[in-house]
Amino acid sequence: MTFSTRVALLTAGAVALAAIGAAILMYVVLQQQLVAQIDQSLIDASRAARESGPRGQQRPFPPFGDPGRIAGRGDVFAQSVDASGKVVRADLNQPDSALVTAAVRRLATDQQGDASFDVVASDGTHVRVYAVPIGNGTTLEVARSLAEVDRVLDESRNRLALVAVVGVLVAGALGTFVARTALVPVRRLTNIVEEVSRTRDLSQRVSADTNDELGRLATQFNVMLGELETSLRSQRQLVADASHELRTPLTSLRTNLELLERGQPTDPTERGHVITDLVGQMERLSTLVSDLIDLARDEKTQLIVEDVRLDQVAEDAIAEMRLRYPNVRFQLDGAASTVNGVRSRILRAVTNLLDNAGKWSPPGGIVEVSVRGNEITVRDHGPGIAPEDEQRVFDRFWRAPAARQLPGSGLGLAIVKDVAETHGGRVTLERPTGGGAFFRLRLGAASVKA
Ligand SMILES: Nc1ncnc2c1ncn2[C@@H]1O[C@H](COP(=O)(O)OP(=O)(O)OP(=O)(O)O)[C@@H](O)[C@H]1O
Ligand SMILES: [Mg+2]
């Protein structure tokens, strides 16, 4: 059963139930009201009958046999019953023993208890009987035919049944209509989802013009599509950039290898140079590949998140840099600091910053490293970064024109940015007075988004 059928059936069922319930309720209320009217007329009649007796005279009264005398109504029949249950007197001298029920007889014998109402079948019609003790061992019975009430109720029953049937039909139509209109946005969303999975076109969007649950679902769906689209685009970009960057070292590797294959150069010293070149290119290539893997790695792979001493990471990185750049003086101004994150990734980010500083420092230049709280800053006294390049230094593979002859692939700062962001922090570039470059890496004290 489809969801819309279910909604249609539920709605129709609810409306139909309401229609039938209302019809039944109306019938019951009508019945009670009609009977209550009859009962009131019988009570009035019995009172009138008792009061019409001549004062101080011996009863029996009322003056039976004169229809219409009782409370001025011709439609009320009265008779009196003695203690033995025998009808003593009756209107029109036509006693009706069918009206002497067991309850009336009991009332007549005991002369106690309250007045009682009853419905009796007499001559094929329903009769409402009201019995009330009037003393002297006599019970007065006043009765009124329910034929008219029955007729009205019959008629109403038919009419109300018709109303209920029409109600059920309307409910069916309403249910279908409600299901159709209420599910329009769902159907629209479904169509788009089907379209996206069929065409894999993530640029599709659902119109989310309402502010209700479905509108929110549509909005969130659009957000999800947007995120997927961005992520897919950046992955494609990374692959395109990477293959482009890999081609250059591969081409020169190939050229050198072909040279060697042809037995050139013959001079052993030159040959040695070519081989050293080859090894250097191989190294660049493997660094590039590991950088790429670092960037493309799915953060959900099991990396150990722990409390990391940022000052110790800086010390380790500086120790390595001192070997790599013996002519540069690295100075650490570190206070004990702990951040929450993946140690190897943080070390990588700090190393990348220090590597740049070392690479761009003039011989004998000073690199100042400072650790404060969950921040580390690196400052060098090299050429610095031109204001127009500030936005691009963190882009993958971007290198300043002046950097082209130095080793590197332009992935270093992209990795720093990635590490900062996955650790809930950020990396910023500041322009210090006195030139040089100044990088501030802030790591979130909160746990890593893994
Ligand atoms: N401390 C710095 N001083 C001057 N320029 C810098 C500095 N750090 C980065 N840059 C500029 O930003 C560019 C990008 O830096 P990034 O670290 O991403 O790449 P790279 O150092 O060239 O290569 P890799 O780090 O991948 O070996 C550099 O090529 C350089 O032009
Ligand atoms: Mg670098």
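The structure is a predicted model. Its largest pocket holds about 1,200 Å³ of space and lies between domain 2 (213–296) and domain 3 (306–442), because both domains give residues to its lining.

**The largest pocket**

- The space in the largest pocket amounts to about 1,200 Å³, and 48 residues line this pocket.
- Among the lining residues, those closest to the centre of the pocket are Asn356, Lys359, Pro407, Gly408 and Ser409.
- Five helices each supply at least two residues of the lining: helix 5 (213–261), helix 6 (268–296), helix 7 (310–324), helix 8 (343–360) and helix 9 (412–422).
- Helix 8 makes the greatest contribution to the lining, namely nine residues.
- Sorted by class, the lining consists of 22 nonpolar, 13 polar and 13 charged residues.
- Domain 2 and domain 3 both contribute to the lining, and the pocket is therefore placed between them.

**Gly408, at the pocket centre**

- Gly408, one of the residues closest to the centre of the largest pocket, belongs to the loop between strand 10 and helix 9.
- Gly408 is 400 residues from Ala8 in sequence, and the C-alpha atoms of the two residues are 66 Å apart in space.

- Gln281 is located in helix 6, one of the helices that supply residues to the pocket lining.
- The relative accessible area of Gln281 is 12%, and the residue is therefore buried.
- A polar contact of 3.1 Å links the side chain of Gln281 to the side chain of Ser252.
- When residues up to four places away in sequence are not counted, Gln281 touches Ser252, Leu253 and Asn256.

**Buried residues in other helices and in a strand**

- Ala16 is part of helix 1 (residues 3–51), and its relative accessibility of 11% means that Ala16 counts as buried.
- Beyond its neighbours within four places in sequence, Ala16 is in contact with Val168 and Ala171.
- Ala16 and Val165 are 149 residues apart along the chain, while their C-alpha atoms are separated by 8.5 Å.
- Asp311 is situated in helix 7 and has a relative accessibility of 8%, so Asp311 counts as buried.
- Leaving out neighbours within four places in sequence, the contacts of Asp311 are Leu332, Ala335, Ala336, Ser337 and Val371.
- Leu140 belongs to strand 5 (residues 138–145), and with a relative accessible area of 0% it is buried.
- Leu140 and Gly175 are separated by 35 residues in sequence and by 58 Å in space, taken from C-alpha to C-alpha.

**Backbone details in the loops**

- The peptide bond that joins Gln264 and Pro265 is cis, with omega about -15°.
- Pro265 is found in the loop that runs between helix 5 and helix 6.
- Arg200 is a residue other than glycine with a positive phi, near 60°.
- Arg200 occupies the loop between helix 4 (184–199) and helix 5, where its relative accessibility of 72% places it in the exposed class, because exposed means over 50%.
- Phe397 is not a glycine either, yet its phi is positive, at about 70°.
- Phe397 lies in the loop between strand 10 (375–379) and helix 9, and its relative accessibility of 11% means that Phe397 counts as buried.

Conventions: Residues are numbered from 1 along each chain as its sequence is written. Chains are lettered from A and ligands numbered from 1 in the order in which they are written. This is a predicted model: local features need pLDDT of at least 70, side-chain atom pairs count only at pLDDT 80 or more; totals for chains, interfaces and linings use all residues. Side-chain values use heavy atoms; hydrogens and water are left out. Helices (H or I, at least four residues) and strands (E, at least two) are DSSP runs, numbered from the N terminus. Buried means under 20% relative accessible area, exposed over 50%, partly exposed in between (1.4 Å probe, protein chains only). Contact means heavy atoms within 4.5 Å. On a 1 Å grid over the protein atoms alone, a cavity is a set of points where a 1.4 Å probe fits but cannot get out, and a pocket is an open set with protein on both sides within 12 Å along at least five of seven lines; lining residues have an atom within 4 Å of a point. Grid points are joined across faces, edges and corners, and a volume is the space filled by probe spheres set on the points. Ala, Val, Leu, Ile, Met, Phe, Trp, Tyr, Cys and Pro count as nonpolar, Asp, Glu, Lys and Arg as charged, and the others, Gly among them, as polar. Domain bounds come from an automatic or database domain assignment. A polar contact is a pair of N or O atoms within 3.5 Å; within protein, one must be able to donate a hydrogen and the other to accept it, and residues adjacent in sequence count only if both atoms are side-chain atoms.
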